[in-house]
Structures are given as C-alpha cells and as structure tokens.
Amino acid sequence: MSRKTFYITTPIYYPSGKLHIGHSYTTVAADAMARYKRLQGYDVMFLTGTDEHGQKIQRVAAENGVTPKEYVDNIVSGIKDLWKMMKITYDKFIRTTDEEHVATVQKIFRMLYDKGDIYKSEYEGWYCTPCESFWTETQLVDGKCPDCGRPVERTREESYFFRLSKYQDRLIKHIEENPDFIQPVSRRNEMLNNFLRPGLEDLCVSRTSFNWGIPVTFDEKHVVYVWIDALSNYITALGYLSDNDAAFKKYWPADVHLVGKEIVRFHTIIWPAMLMALDLPLPKQVFGHGWLVLEGGKMSKSKGNVVDPVVLIEKYGLDAIRYFLLREVPFGADGVFSNEALINRINSDLANDLGNLVSRTVAMIKKYFDGQLPGQGEEGEFDADLKKELLALKPKTEELLDNLQFSLALTEIWKAISRTNKYIDETMPWVLAKDESRKGRLAAVLYNLAESIRIVSILLQPFMPETPAKIWNQLAIDSDETGWESAGQWGVYKPTRPVQPGEIIFPRIDVEKELES
Ligand code: ME8
C-alpha cells in the first residue's frame, strides 16, 4: 500500500536582500511540520524557494550594478546557506527563474487566456513599488499604501486582467463550507467580510513598465505580473503541465500553505480562483501566522530593522533559536522579538528544566550504579502518576501539531519535563542511595527518569534537530528505542551500555553580561 502523503509549503521569499528572523520563523515552522509528518511515516513533500521577478528586484540589481539574475543568484546562495545552517529539510527549492517554472507559467497564462478568464484591457490605479501592490483609490489610507504606509504612484497602462470577479460566489461558498480552509478563524472572517462579500474586482496580471518577469508568449511586451507567477510555484514545482507530472499527481492538493498574515488574501482569494479556473482541486488549508515584530514595528528588509538569524544561531545555538521561535508566540498571533525574552527561555526552559534534568539523571546513574542500571527495578509510590502523564504526552503533542499549535505542543512537553523534575523531588534518590536495602527502588527511580527523558526527547525531534541525539548519546539510548511510536510506550529503554556524561546541552547565559554587550 502506498504511504499517505503530506505536502507543505512556505511562501517563496523575495531575494531582494538577506532574509531575517521573520522568514526563518515561517520556514522553521514548516520544517517542524515536515519532520513531524516524516517521523509519523508520511511521504512528505516540503517546498520552499524564492520569488525572483518584479520591478523591485530589477531596481535593486541596477543599484548594485549587476543584472537581476546575477543579483538574485548571489542572494539565493546565501538563503540556501541559511537553510542549511538552520537544518531546514526541504525536499525542493523552487526559483521562479527556473526554466521549468517559466515554461509552465507561460502555459498557464495561455490556458487562462484561451478560456476567456484572462482578457486585455487598460489599468489605472495606484501602485506601491516596495510592496508590488496595486490599490484602488478607496483602499488607500491617507493617500498612502495601506500595507506599508509609503507613497504610491498613479499608473495607467495596457494590461491583461484575470476574471477574479467571476469566482467570487464559488469562493465564498468554498470558504463557508470548509471551515478548515483558512486558519486561524479570525483570518477567515477577515477574508469573507473585508474582501469577498464587498465584491471582487478583476485583477491586473501583466505589466509593460518593466521587463524583469516572465514574458507573455503571445504578447511579448507584457510580462506576467508577480502574483500569477509566484502563486503558480506550488504546482510548477511538482511538474504540473510538464513531461513529468508524477509528483503533481502524487502530492497535489497541498495539505497546508504556511504564510504570513499579510499574504493570506493572495492565497485564499487569488490562488483558489486561479485553481478553479484551471479546474484543479484547492489546497486543503492556508494557515496565516502572525508577525514577529521588534519594538517599533514589523521587521522589513526595506525598513532595515531586522534581526539576523545567523548572528543569533552563532551566539545561542540552533536548537535554542528554533525552540524560541516556536515556543514564544502562539502560532497565529503576533509577538514581540526581544533578546531578553530569548535569554529567559534559554535559561529557564532549556538550561534549567531540560538540561538539568538530563545532566542530573546521567550523573546519578553514573554515581550510584557506575553508569549502568541493573534493569527496571522495584516499583513504588509516584511511579504510576509519572507514567500516566508521560504516556499521555504523545497523543496530546500530535493533536496540537496537527493543528499547527507549536507553542501549545511545546508547553505540553515542558509540563511533562516539569512533572519529571518533580518526581526527583518526590522520590529523593539521594536519600534512597544511603540505604543499601533500597538499591532496587533507587534503580527504578533512575530508570523512570531515563524513560521519561527518552519519551520527551523523541517528541522534541520536530522542533530540535540536534538535542535529541545528544541526549540519547549521554543516556546510552539505542536507535531502536527512539522510534516515534515508542514515545507512546513505557519500558522501552534497555540499559545495555553505560551512560556517557558529556557536555552541558544548554549552557546558562549570564543575562547581565549578555544584555550589556
Ligand atoms: O511576500 N514575522 O515574500 P517576502 C513573521 N514573495 N513572518 C515574516 C516576517 C515577520 N516579521 N517577515 C517576513 C513575499 N515573514 C512573496 C510571497 S508566495 C507565493 C509569494 C515571512 O520575502 C512570512 O511568511 O516578503 C511572510 O508571509 C513572508 O515571510 C514574506 O516574505
């Protein structure tokens, strides 16, 4: 029987400058989901990439004295290095300058034109160059771009239009009948009430005022305007309309498009309308997460107020940064990024709660049993309660992850870690150690600690690519004791080798020193 598939995507990012922690946020979340589904045994397709055309890129390249392609090649190589450093396990990286993407977008444009869903007319409106968005008079706020607040330019030119308005009723029906299609629910209501119900206008889908884009094959002075080009990536990457469309047949429709809240509108209105026009099934879900903001506003490449993920990872380590991103803010809501909050999380959750639990357990096994437990030992008080809580953790984590509730899933895992730490206080192994007749009980206490850590470490894998293996190494947990399913079983750990006390997994950070520097 073929395995169940899971297709997840990130937005394709503009390679107009270096990526910042905001882009890493979406990508880490998608990576955690992809890792989780692979661990569960799914056949996963995880797509990310870059959105390389448009006036803004053309302009930045010119300012740098290079061609647009040279400019983006350089940025894209930096982005790939970043994803490598962050251990992002994408299956495919699509660039909108890839030949296959270009050819397929041209076919899509032609098909929609032949069908009458794209027609030629004249565009007049307000254009925000940094956002690459057209706005109608009524959408402007104080005469400025409603997204970024910067000035807009009046433009008028011959353009092709996509008959978005034709799909309005079908879209409303689809969104109403499929409550999971747009998540979180607040974004769903926003789309219905602010955009769909007031009525959709047809969409300008070609430009003649710049040429860094995909040419319209039957009218070469036009290039395809960014959204048709960009959104199509989710199917061109799978080989749609190409000689080899096996991946498309296998993975489409996507299980989830993960996007920032500012592009939910494009993904839940324009994209499904395009798919309807192409007679293709719609993605199962579009999840619009919130923004990470710095005091003073949303991070933005063009505003320059960004946090560099490379610097953070070099300073604090990859797993700490990934943990912070997924833990600090409930997925869906906005959250403030601050160094202080990051350091607090590292010290309290990682160094104290998790790190100490592991190092104390390893140290006690070393000290009291010369590194190797004799077996599962004698059961006693507190065991049943610990076991019950730890065995409940896997289903809870899975249910939350299935709803992309990373922060809540980590909260549950940390509750289990705290429960395990409490078990040390309850059973007081150092007291048991003083009494030779209680050696069997002491063995059980340490076994239960190791077993709890084993369960927790398995469930941490989607979030942290490095820490679980370090824990297994120290506790001498073998690879056949770390399968995903075994996180739902008790008594799997077999102490067949001595533990290996090693490096501190998460060193504490001196807050005062750190905030001064
Ligand atoms: O919009 N907080 O590309 P882009 C959270 N090319 N997420 C953030 C963020 C922040 N401060 N800043 C960026 C584009 N992001 C288009 C997409 S898709 C067919 C085309 C993340 O480079 C978030 O996912 O501006 C947001 O949607 C995306 O980066 C925007 O990246």
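This is a predicted model: local features need pLDDT of at least 70, side-chain atom pairs count only at pLDDT 80 or more; totals for chains, interfaces and linings use all residues.
Local features rest on pLDDT of at least 70 and side-chain atom pairs on pLDDT 80 or more, whereas totals for chains, interfaces and linings use all residues. Residues are numbered from 1 along each chain as its sequence is written, and side-chain values use heavy atoms, with hydrogens and water left out.

**View 1. Crossing of helix 12 and helix 13.** The axes of helix 12 (residues 318-328) and helix 13 (residues 339-369) come within 10 Å and cross at roughly 100 degrees. Helix 12 is therefore roughly perpendicular to helix 13 (a class covering 65 to 115 degrees). Axes are lines fitted to C-alpha atoms, for helices over the stretch in contact, with angles from 0 to 180 degrees between N-to-C directions; helices (H or I, at least four residues) and strands (E, at least two) are DSSP runs numbered from the N terminus. Helix 12 contributes A320, I321, Y323, F324, R327 and E328 to the contact, and helix 13 contributes A341, L342, R345, I346, D349 and L350 (contact means heavy atoms within 4.5 Å). By class, this contact has 8 nonpolar, no polar and 4 charged residues (Ala, Val, Leu, Ile, Met, Phe, Trp, Tyr, Cys and Pro count as nonpolar, Asp, Glu, Lys and Arg as charged, and the others, Gly among them, as polar).

View 2. Strand 6 (residues 153-162) pairs with strand 8 in the antiparallel sense over 2 bridges. F162 stands opposite L203 in strand 8.

**View 3. The two faces of helix 14 (residues 383-391).** The buried residues of this helix are D383, L386 and L390 (buried means under 20% relative accessible area, exposed over 50%, partly exposed in between, with a 1.4 Å probe and protein chains only). Seen down the helix axis, they fall within an arc of 70 degrees, so they line one face of helix 14; the arc is that of the directions from the helix axis to the C-beta atoms. These buried residues pack against helix 15 (393-402), helix 16 (406-427) and helix 18 (439-459). The face turned away from the buried side carries the exposed residues A384 and K388.

**View 4. Surroundings of P498.** P498 lies in the loop between helix 19 (467-475) and helix 20 (511-516). Its relative accessible area of 43% makes P498 partly exposed. Leaving aside residues up to four places away in sequence, P498 touches G371, Q372 and A476. P498 and I477 are 21 residues apart in sequence and 9.8 Å apart in space, C-alpha to C-alpha.

How values were computed. Angles under 35 degrees count as roughly parallel, over 145 as roughly antiparallel, 65 to 115 as roughly perpendicular and the rest as oblique. Two strands pair if DSSP finds at least two bridges between them.
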